[in-house]
Amino acid sequence: MTSKLQEGILVGCGNPLLDISAPVPLQFLEGYGMNVDDAILAEERHMPIYRELVDGYQAEYLAGGSVQNSLRIAQWILRQPNVAVFFGCVGQDDYADILREKARAAGVDAHYQVSPDTPTGTCAVLITGTHRSLCANLAAANKFTIDHLEQPANKALIDNAQYYYISGFFLTVNPPSIMRVAATANAKQRPFLMNLSAPFISQYFMEPLMAVMPYVDIIFGNEAEAHAFATAQGWPADADLREIGKRLVALPKINSERPRIAILTQGCDPVLLIQHDKVQEFPVTRLAVHEIVDTNGAGDAFVGGFLSQYVQGKSLDVCIRCGNYAAGHIIKNPGCTYSGEPEFNE
Ligand code: AP5
Ligand code: NA
């Protein structure tokens with residue numbers, strides 16, 4: 001990093017979750033009616049999963065929650081603490097202490113709302129070979145309220161930031177908070193970035209997603225998420241990722257002077273950057289099988305790498321290359337974790 005960045009230049013909101021990750025047999029998933037690549041919210045029938053993982057399997061605790069993952073990765077690359085501020089809700093328990101410590105160690109300035117009578121949220125990461133199935137029990141994360149953003153100190157943090165990033169996942173928790181941040185970004189003409197996060201968001205939360213879409217300057221997503229969005233919009237079933245990207249950027253936008261950009265990842269295939277009706281491809285360096293630990297958090301790390309450059313005013317080209325660098329790195333590490341010093345060269 002060359003020059004010092006303003007502290008708190010980037011604000012993120014999301015679900016702070018502690019990941020409980022373990023390899024499990026297929027029957028474990030089947031017992032809970034889950035598929036190998038799911039990302040779902042826990043229902044009543046899923047609640048025993050967490051205890052069962054801890055008691056019966058080699059469970060690992062890892063800091064999770066999509067936006068926090070991205071901010072931790074951005075901070076790792078920036079090497080200057082407190083560039084990123086995070087808002088979300090935790091409980092008053094050991095899990096919250098773990099998350100607080102992981103955020104601090106990574107350099108993320110987390111300002112948690114605390115729900116005293118609800119446990120901190122967890123996400124079961126069920127690993128079957130190279131697949132992972134996610135089941136999030138939001139718990140305290142679901143208790144986030146807009147009053148937290150209205151606290152004078154937190155409001156000041158939002159007002160002073162220059163960049164805003166919120167996950168689609170947060171739409172299940174508190175759309176008014178998202179709209180508040182989006183409106184602030186728009187009023188100050190500052191970029192507002194969002195993620196499609198998971199197919200179920202487009203399937204079941206399209207209304208709040210479309211309410212915020214006019215404010216979104218950059219939208220991120222992977223293949224499955226883009227297709228789920230297209231299906232929910234009733235777009236032609238044969239629309240490919242490029243076509244979906246073009247339609248995404250063409251959706252109505254409040255600040256029409258800053259046209260929307262879509263960035264769609266597709267695993268080891270090239271990342272697509274869609275602007276107007278132009279699609280650019282950015283190749284991904286394919287990793288050898290023996291280098292891959294797990295792809296968990298690859299999408300989150302991509303966004304983290306992107307943000308680390310974007311907040312420095314770097315070109316989209318550099319931002320995307322850093323996204324690919326960060327994703328490649330965390331694939332070589334368990335969950336969304338990193339090791340050693342970052343080695344990204346523009
Ligand atoms: P998870 O879904 O595992 O992580 P992710 O970041 O979405 O990563 P994926 O592996 O799904 O990647 P992707 O499909 O998005 O991207 P793509 O494959 O295109 O989620 C983990 C976290 O989600 C957990 O920590 C959990 O806490 C959180 N979470 C779950 N539910 C939540 C909820 N309700 N609320 C909040 N948080 C929640 O790849 C992206 C990039 O990776 C590519 O562009 C490329 O650069 C690289 N890449 C991918 N595959 C390869 C490869 N084979 N070789 C080289 N590079 C690769
Ligand atoms: Na990983």
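Guide: Let's start with a cut-off: buried means under 20% relative accessible area, exposed means over 50%, and partly exposed is whatever falls in between, with a 1.4 Å probe and protein chains only. You're looking at a predicted model, where local features need pLDDT of at least 70 and side-chain atom pairs count only at pLDDT 80 or more, while totals for chains, interfaces and linings use all residues. Residues are numbered from 1 along each chain as its sequence is written, chains are lettered from A and ligands numbered from 1 in the order in which they are written, and side-chain values use heavy atoms, with hydrogens and water left out.

Visitor: Why does Phe-28 count as buried?

Guide: Its relative accessibility is 6%, and the limit is under 20%, so Phe-28 counts as buried.

Visitor: Why is the pair of Phe-28 and Tyr-57 called edge-to-face?

Guide: The ring centres are 5.3 Å apart and the planes stand at 90°, so Phe-28 and Tyr-57 make an edge-to-face pair. The two are 29 residues apart: Phe-28 sits in helix H1 (residues 26-31), Tyr-57 in the loop between H2 and E4. Helices (H or I, at least four residues) and strands (E, at least two) are DSSP runs, numbered from the N terminus.

Visitor: Why is the pair of Tyr-325 and Phe-344 called tilted?

Guide: With centres 5.9 Å apart and planes at 35°, the rings of Tyr-325 and Phe-344 count as tilted. This pair also links distant parts of the chain, Tyr-325 being in helix H13 and Phe-344 in the segment after H13, 19 residues apart. Phe-344, at 18% relative accessible area, is buried.

Visitor: Which residues do ring pairs link into a cluster?

Guide: Tyr-163, Tyr-165, Phe-220, Phe-302, Phe-306 and Tyr-310.

Visitor: What makes His-148 buried?

Guide: His-148 has a relative accessible area of 10%, so it's buried. This residue is in helix H5 (residues 146-150). Contact means heavy atoms within 4.5 Å; setting aside neighbours within four places in sequence, His-148 touches Phe-87, His-111, Tyr-112, Gln-113 and Asn-154.

Visitor: What coordinates the sodium ion (ligand 2)?

Guide: Donors are N, O and S atoms within 2.8 Å of the metal (3.2 Å for Na, K and Ca), and sites may look incomplete because water is not among the atoms. Here Asp-294 (O), Asp-294 (OD), Ile-330 (O), Asn-333 (O) and Gly-335 (O) coordinate at 2.4 to 2.7 Å. Of these, Asp-294 lies in the loop between strand E14 (278-282) and helix H12 (298-310), and Ile-330 in helix H13 (residues 316-331), 36 residues apart. Both Asp-294 and Ile-330 are buried.

Visitor: What is the order of the open sheet of five strands?

Guide: Two strands pair if DSSP finds at least two bridges between them. The order is E3-E8-E7-E2-E4, with mixed pairing. Strands E3 (39-41) and E4 (60-63) are the edges, each pairing on one side only.

Visitor: How many bridges do strand E2 and strand E7 pair over?

Guide: Seven, in the parallel sense, between E2 (residues 17-23) and E7 (residues 121-128). Ala-22, for instance, has Leu-126 in E7 as its bridge partner.

Technical notes. Phe/Tyr/Trp six-rings, centres within 6.5 Å; stacked < 30°, edge-to-face > 60°.
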